Amino acid sequence: MPQSDRVKQILSWYGSDNPGVKTNLARMLNHGTLAGTGKMVILPVAQGFEHGPVRSFQPNEAGYDPDYHVQLAIDSGCNAYAAPLGFLEFVADRFAGQVPLILKLNNSDTLAKVEQPCSAVTGSVKDAVRLGCTAIGYTIYPGSGLRNRMYEDLRQLILEAKDAGLPTVVWAYPRGAGLSKEGEQAVDVTAYAAQISAQLGAHVIKIKPPKDHIEQAEAKKVFEKYNIPTKTLADRVRHCVQSAFNGKRIVIFSGGEAKDTPAVLEEVKGLAEGGAFGSIMGRNAFQRPKAEAVKLLQDVMGVFKNAK
Amino acid sequence: MPQSDRVKQILSWYGSDNPGVKTNLARMLNHGTLAGTGKMVILPVAQGFEHGPVRSFQPNEAGYDPDYHVQLAIDSGCNAYAAPLGFLEFVADRFAGQVPLILKLNNSDTLAKVEQPCSAVTGSVKDAVRLGCTAIGYTIYPGSGLRNRMYEDLRQLILEAKDAGLPTVVWAYPRGAGLSKEGEQAVDVTAYAAQISAQLGAHVIKIKPPKDHIEQAEAKKVFEKYNIPTKTLADRVRHCVQSAFNGKRIVIFSGGEAKDTPAVLEEVKGLAEGGAFGSIMGRNAFQRPKAEAVKLLQDVMGVFKNAK
Amino acid sequence: MPQSDRVKQILSWYGSDNPGVKTNLARMLNHGTLAGTGKMVILPVAQGFEHGPVRSFQPNEAGYDPDYHVQLAIDSGCNAYAAPLGFLEFVADRFAGQVPLILKLNNSDTLAKVEQPCSAVTGSVKDAVRLGCTAIGYTIYPGSGLRNRMYEDLRQLILEAKDAGLPTVVWAYPRGAGLSKEGEQAVDVTAYAAQISAQLGAHVIKIKPPKDHIEQAEAKKVFEKYNIPTKTLADRVRHCVQSAFNGKRIVIFSGGEAKDTPAVLEEVKGLAEGGAFGSIMGRNAFQRPKAEAVKLLQDVMGVFKNAK
Amino acid sequence: MPQSDRVKQILSWYGSDNPGVKTNLARMLNHGTLAGTGKMVILPVAQGFEHGPVRSFQPNEAGYDPDYHVQLAIDSGCNAYAAPLGFLEFVADRFAGQVPLILKLNNSDTLAKVEQPCSAVTGSVKDAVRLGCTAIGYTIYPGSGLRNRMYEDLRQLILEAKDAGLPTVVWAYPRGAGLSKEGEQAVDVTAYAAQISAQLGAHVIKIKPPKDHIEQAEAKKVFEKYNIPTKTLADRVRHCVQSAFNGKRIVIFSGGEAKDTPAVLEEVKGLAEGGAFGSIMGRNAFQRPKAEAVKLLQDVMGVFKNAK
Amino acid sequence: MPQSDRVKQILSWYGSDNPGVKTNLARMLNHGTLAGTGKMVILPVAQGFEHGPVRSFQPNEAGYDPDYHVQLAIDSGCNAYAAPLGFLEFVADRFAGQVPLILKLNNSDTLAKVEQPCSAVTGSVKDAVRLGCTAIGYTIYPGSGLRNRMYEDLRQLILEAKDAGLPTVVWAYPRGAGLSKEGEQAVDVTAYAAQISAQLGAHVIKIKPPKDHIEQAEAKKVFEKYNIPTKTLADRVRHCVQSAFNGKRIVIFSGGEAKDTPAVLEEVKGLAEGGAFGSIMGRNAFQRPKAEAVKLLQDVMGVFKNAK
């Protein structure tokens with residue numbers, strides 16, 4: 001497949017990276033149904049670690065098996081499949097080369113009570129390399145009192161990953177003592193989290209669909225002074241994408257809690273209209289029966305394919 | 001001995017591991033009375049460190065001597081013997097090659113009062129290699145405020161152990177400020193601990209027999225919605241084994257507090273019926289007179305041998 | 001361009017440094033409108049990370065794009081352009097060699113609430129080298145309970161940077177539990193921060209324009225006993241420059257909050273009169289429309305060029 | 001001197017150690033008055049650091065001089081002399097080869113008030129090697145909230161020491177928030193500390209003479225159930241020695257506070273009768289005039305020599 | 001200059017050190033007015049960092065310039081000049097070889113409020129080597145809750161310095177939560193700090209002139225029991241020198257707060273009479289006009305030269 005103009009354009013934004021990193025970024029952009037469009041739909045399955053197995057996999061019992069998810073990613077034509085070490089270790093050998101793998105390098109469970117959230121580093125760049133992965137993934141919690149530790153660990157991992165020719169996907173989830181519950185998905189906070197990720201060196205940034213709320217008083221003044229629209233999801237997505245180097249970083253959005261199919265597609269249309277580069281959709285995909293899940297993912301890809 | 005089909009099948013679940021790790025995993029599966037069955041009974045003796053010598057060894061005074069335990073493991077046909085550094089250092093040279101050794105790399109004593117439980121790292125992969133061990137062992141306490149440190153240390157040790165061709169056995173004991181006392185053995189929590197261990201890269205997972213209690217409100221809703229049975233021990237074991245990659249990770253169960261022989265065997269039958277891969281039985285073995293202990297361990301192996 | 005006498009004199013103050021460090025220091029002193037004068041005007045753009053994107057870039061929307069700033073630095077003839085990793089990574093390849101780049105190695109966001117301020121280390125000397133940078137930058141917060149960690153990290157980075165032939169620019173911003181709000185810009189505290197930076201090995205020191213307030217009781221006695229003048233900005237700048245090795249370290253001043261053009265130029269005149277080596281001007285530059293910003297920066301350079 | 005049967009037997013308990021470690025263990029067992037008996041009397045002088053110089057050395061002013069102590073160890077025929085870095089550094093060169101030296105690698109002073117006791121690491125294996133030492137020494141405080149840090153540092157040092165062919169002497173002093181004052185020398189706690197030391201890999205274990213008190217409720221039940229005698233010092237020593245791998249680790253006892261000669265010898269007889277491998281006697285030796293000290297140490301050796 | 005008998009004797013106390021360390025120790029002992037006498041007067045200038053520039057340098061404004069101090073040390077015939085990194089970096093190249101330099105490796109400022117005092121490590125052995133220094137310097141705060149960290153960092157630095165052939169000067173300043181304000185200069189505490197420094201491996205120990213106060217109850221009993229004289233400064237100095245390996249470590253004394261010339265010389269006479277090896281005099285020297293300072297330093301040297 002010749003490199004599409006859009007992929008060439010996107011790669012040009014990462015000019016200071018070495019050819020290894022660009023090659024792996026291109027591999028994700030050129031894989032699956034959305035190959036060459038510059039759009040990405042990724043299947044992530046970290047919920048087993050994050051929420052526990054029964055909440056994650058009982059709704060679609062086939063999901064207890066690690067093979068299920070990677071096969072779902074392949075069958076639905078996703079650009080990549082992201083998961084923690086154990087899940088990837090289980091499939092990497094047998095599914096070698098069938099779909100780009102993203103090793104999620106940190107994870108958090110919900111069994112302990114902690115004041116300042118911070119994920120544990122549960123994998124390494126060395127693991128990503130030996131498992132044939134195409135990228136590493138890492139979660140930051142801007143707003144947590146431990147954010148600096150996460151930023152610093154991430155910075156180190158990005159540097160190591162570059163040396164191994166691997167790009168980095170950053171999950172930016174604001175939370176912690178510095179933010180109200182509502183503020184975690186506020187449009188100003190979400191856009192700020194995208195900016196931080198970009199400044200830290202993320203190649204792909206994953207944020208949540210922002211809500212029509214502004215958390216920080218200083219930011220609110222600016223939104224009002226310049227009449228920045230935040231009414232529709234598309235408006236808010238547009239602001240977040242702009243906040244990530246004026247749209248010159250790949251910004252994708254999570255699907256969040258499980259919902260019905262029309263609600264999912266409605267949200268995705270808003271994302272696409274606002275200029276999102278794609279979706280990263282976990283529970284809404286793997287908790288459905290497989291045929292439904294494949295259909296939904298393909299419909300989501302259809303929305304992005306048809307977006308400007 | 002030619003590789004049995006069951007052992008071949010089990011090894012196939014660890015496809016991304018190097019041949020060194022698979023060789024040592026096979027060594028444990030192919031040793032002792034249960035060789036080739038895919039089942040394992042392991043003798044662990046860490047209580048001297050964890051509970052102190054008098055509580056551990058006075059009931060069967062021969063146990064003060066480190067030689068006693070390794071000989072018991074050999075005489076009863078266990079798949080492996082697990083202990084902290086000092087105990088293995090004492091026997092490794094004289095008993096070289098007689099039974100697979102698992103070096104328990106962290107341990108906790110009961111002399112200090114701490115809020116957030118965490119074991120000390122008391123051995124290293126380098127020690128395991130120089131002592132001729134077949135695997136390393138490590139305990140995590142999901143639910144503790146220090147869980148992340150344990151997960152991160154474990155992650156590092158697993159990576160080092162792989163480089164040395166050694167598989168890892170994880171003792172997953174939920175405890176700490178995030179859990180009620182009853183919750184430490186709740187079925188949802190135990191299954192969650194098995195999932196975390198598998199995601200962290202454990203080759204063998206050791207959990208406690210789960211009790212008929214559900215700790216987490218969010219999990220309870222799912223158990224109820226899907227009518228997941230938890231009445232019998234077999235039911236609960238089945239759920240835990242499923243939670244460890246749909247039964248494709250070796251999950252074994254501890255014996256817990258000392259009890260009489262019929263109670264031990266009754267419990268083991270429940271474990272076997274639920275699909276447990278075996279038992280790891282310490283106090284119930286080494287605190288009995290030797291002949292009784294050998295008999296009990298052989299009876300336990302008999303139960304697993306006859307299980308489907 | 002032959003080395004000017006003033007640049008030769010300045011370089012003589014860094015006699016213990018290796019030729020690599022001196023070469024890069026000379027590169028900054030010999031670049032742009034002020035080349036050869038011994039004065040420096042630097043454009044820094046870290047506000048996206050420090051204050052969030054909307055507050056930083058909405059006033060002049062072109063600034064969401066990382067290209068905008070480096071081009072502004074080039075077009076206005078600045079000595080150097082300073083920014084966090086992400087911004088430099090975006091431009092380093094395409095703008096290679098057009099303007100000296102300073103990689104800001106630590107940054108702090110405003111989403112978390114913390115008692116003791118401390119920036120996260122978000123870049124490395126290795127990054128500075130691979131991006132072709134001319135210097136590294138680092139912020140310290142004298143007055144914070146975490147100041148020692150910052151001093152120690154800085155010390156280590158300076159040593160690494162020297163090995164790579166890179167000089168270090170230190171942003172010295174007193175703040176934290178040890179200081180009153182007013183004390184953060186007190187003349188004694190600002191001068192003390194300049195001294196600490198010089199003792200830690202900074203090649204260029206960036207402080208805020210000091211205010212006519214003395215924070216420390218012990219220092220107040222000395223100011224009074226020796227009648228040290230602090231009424232005018234020039235007086236206070238003179239004291240701060242003297243406090244940095246008797247004027248033999250390059251001390252430059254930030255512009256602080258956005259203000260109108262006459263106010264900016266008035267302040268700069270005070271700085272120049274007091275012997276400042278230059279300005280580092282961010283928000284007052286990039287939040288203006290480009291033509292205005294270029295004009296302002298050139299006017300500022302004019303003030304320094306005409307200073308004694 | 002041909003290896004005595006007893007020394008051969010003792011060395012056989014350390015079978016997994018390399019010949020370098022065994023050689024140095026043998027050097028201590030084969031030095032001085034007790035050479036070849038399997039018993040050891042060691043002179044330790046860390047009180048200058050632990051209690052301050054005036055309390056330690058004024059009672060016998062010659063002791064301010066570091067030469068005094070090593071000469072005392074030589075003249076009285078001790079198996080070894082143990083001290084912190086400074087003291088050994090002072091004598092190692094001039095006294096090279098005259099008596100085995102044990103470098104005490106951590107120490108604690110009494111000038112600071114801390115909640116959780118922990119000694120500072122004040123020396124290294126590299127120091128021990130360059131000073132020609134025969135072993136390293138390290139103190140743990142089971143019962144302290146910082147015990148894990150001490151266990152982990154010790155574990156690392158033992159591993160390094162083995163690589164340098166050096167055995168490790170562990171001072172096991174229970175103390176900290178987990179224990180009552182009386183509990184610090186309780187027989188159950190002392191035996192537990194001996195067990196922990198052995199499990200951590202200690203070659204020689206140094207504990208205090210246990211008192212007739214049981215600290216832990218769970219342990220008390222076992223002492224009562226099995227009628228374990230604790231009335232006499234010999235009874236309690238026997239339990240502690242048994243608790244250290246059934247008497248197959250070298251367990252020696254400290255002399256504790258200064259007392260009169262008959263009291264010292266009375267205590268030593270109790271130790272010897274209970275199966276102690278020897279004494280480590282500091283203040284009771286070096287705070288006496290030299291002739292008295294030599295006589296006392298020789299009398300102590302006599303007791304051990306004549307013990308079964 | 002042939003080695004004097006006294007210098008030979010002093011070097012004999014450091015027998016375990018390598019020739020590199022001894023050479024640099026000899027360089028300090030053989031430099032300046034006191035060359036060959038075994039006495040030392042050192043000029044230290046860390047006050048700019050410790051107390052801020054205005055308090056340190058305004059009394060003698062020439063002192064803002066780093067050149068001033070090193071020239072003062074040379075002109076007055078000091079044995080060595082000690083300062084933090086920035087000051088030495090400024091002068092090392094131009095003054096190469098004119099006076100032994102001691103790089104002060106840690107420093108503390110007075111802008112932050114902290115409970116447990118601890119200096120930041122602001123330089124490294126590598127810096128000392130590249131700047132041609134003759135020794136490193138390090139401050140410990142016995143009595144602080146962070147003392148162990150300081151002892152451990154120091155231990156590591158001493159080891160590194162030895163490998164580079166550099167001796168270590170320890171500034172021992174008791175302070176912190178474990179001590180009363182008066183206790184910081186108590187004779188028992190000062191002597192204890194000297195002992196700790198010696199045990200940690202210091203080659204030269206710098207303490208404050210002890211006051212006639214005893215801080216620790218246990219020490220007080222001993223002072224009383226043995227009638228240790230503490231009335232005169234000479235008495236107290238004698239006890240401190242004895243406490244540092246019976247006078248076989250170089251112990252020098254600070255001058256403390258600025259005072260008039262007769263008071264300074266009176267104090268120095270007391271020090272010399274008590275057996276001090278010399279003085280380290282900062283503020284009392286560099287805050288005077290230069291001619292006065294040179295005269296004072298020479299008078300001080302005269303006192304030591306004429307002492308027994």
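Contact here means heavy atoms within 4.5 Å. All views show a predicted model.

**View 1. The interface of chain D and chain B.** By the contact rule, 41 residues of chain D touch 45 residues of chain B. The two chains bury about 3600 Å² between them, and 56% of that area is on carbon and sulfur atoms. On the chain D side, D:Ser16, D:Tyr192 and D:Gln199 lose the most area to chain B, together 19% of what that side buries.

View 2. The interface holds 6 salt bridges. One of them joins D:Lys248 to B:Asp65, with the closest N and O atoms 2.5 Å apart. Four helices of chain D, namely H8 (147-163), H9 (187-200), H10 (217-225) and H11 (233-243), each supply at least two residues of the side that touches chain B. By class, that side of chain D is made up of 17 nonpolar, 15 polar and 9 charged residues.

**View 3. Helix H11 of chain B and its surroundings.** This helix, residues 233-243, is mostly covered, with 10 of its 11 residues buried. Among the buried residues are B:Leu233, B:Asp235, B:Arg236, B:His239 and B:Cys240. The buried residues of H11(B) pack against helix H4 (53-57) of chain A. Within chain B, they pack against helix H9 (187-200), strand E8 (204-207), helix H10 (217-225), strand E9 (250-254) and helix H12 (261-273). B:Phe245, which follows H11(B), has a positive phi, near 60°.

View 4. The side chains of B:Arg130 and B:Asp127 form a salt bridge, 2.7 Å from N to O. The two residues are 3 apart in helix H7 (residues 125-130) of chain B, so about one helical turn separates them. B:Asp127 is buried, at a relative accessible area of 0%, whereas B:Arg130 is partly exposed, at 34%.

View 5. D:Arg149 and D:Asp153 form a salt bridge in which the closest N and O atoms are 3.4 Å apart. Because they are 4 residues apart in helix H8 of chain D, about one helical turn lies between D:Arg149 and D:Asp153. D:Arg149 is partly exposed, with a relative accessible area of 36%, and D:Asp153 is also partly exposed, at 23%.

**View 6. A salt bridge between two helices of chain E.** The side chains of E:Lys290 and E:Asp75 meet at 2.6 Å, N to O, in a salt bridge. E:Lys290 lies in helix H14 (residues 290-306) and E:Asp75 in helix H5 (residues 66-76) of chain E, so the pair ties together parts 215 residues apart in sequence. Relative accessibility is 29% for E:Lys290, which counts as partly exposed. E:Asp75 counts as partly exposed at 36%.

**View 7. A salt-bridge network of chain A and chain C residues.** Salt bridges that share partners join A:Asp17, A:Arg155, A:Lys162, C:Glu89, C:Asp127 and C:Arg130 into one network. Over all chains, the count comes to 90 salt bridges.

**View 8. The rotation relating chain C and chain E.** Chain C superposes on chain E by a rotation of 72° with 0.0 Å of shift along the axis, at an RMSD of 0.0 Å. The two copies are therefore related as by a five-fold rotation axis. C:Arg149 is the residue of chain C that comes closest to the rotation axis, with its C-alpha at 11 Å.

Key
Residues numbered from 1 in each chain as written. Chains lettered and ligands numbered in written order. Predicted model: local features only at pLDDT ≥ 70, side-chain atom pairs only at ≥ 80, totals over all residues. Heavy atoms only, no water. Buried area = accessible area lost by both parts, 1.4 Å probe. Salt bridge = Lys/Arg side-chain N within 4 Å of Asp/Glu carboxyl O. Nonpolar A, V, L, I, M, F, W, Y, C, P; charged D, E, K, R; others polar. Buried < 20%, exposed > 50% of the residue type's maximum accessible area, 1.4 Å probe, protein only. Least-squares fit on C-alpha atoms with pLDDT ≥ 70 in both.
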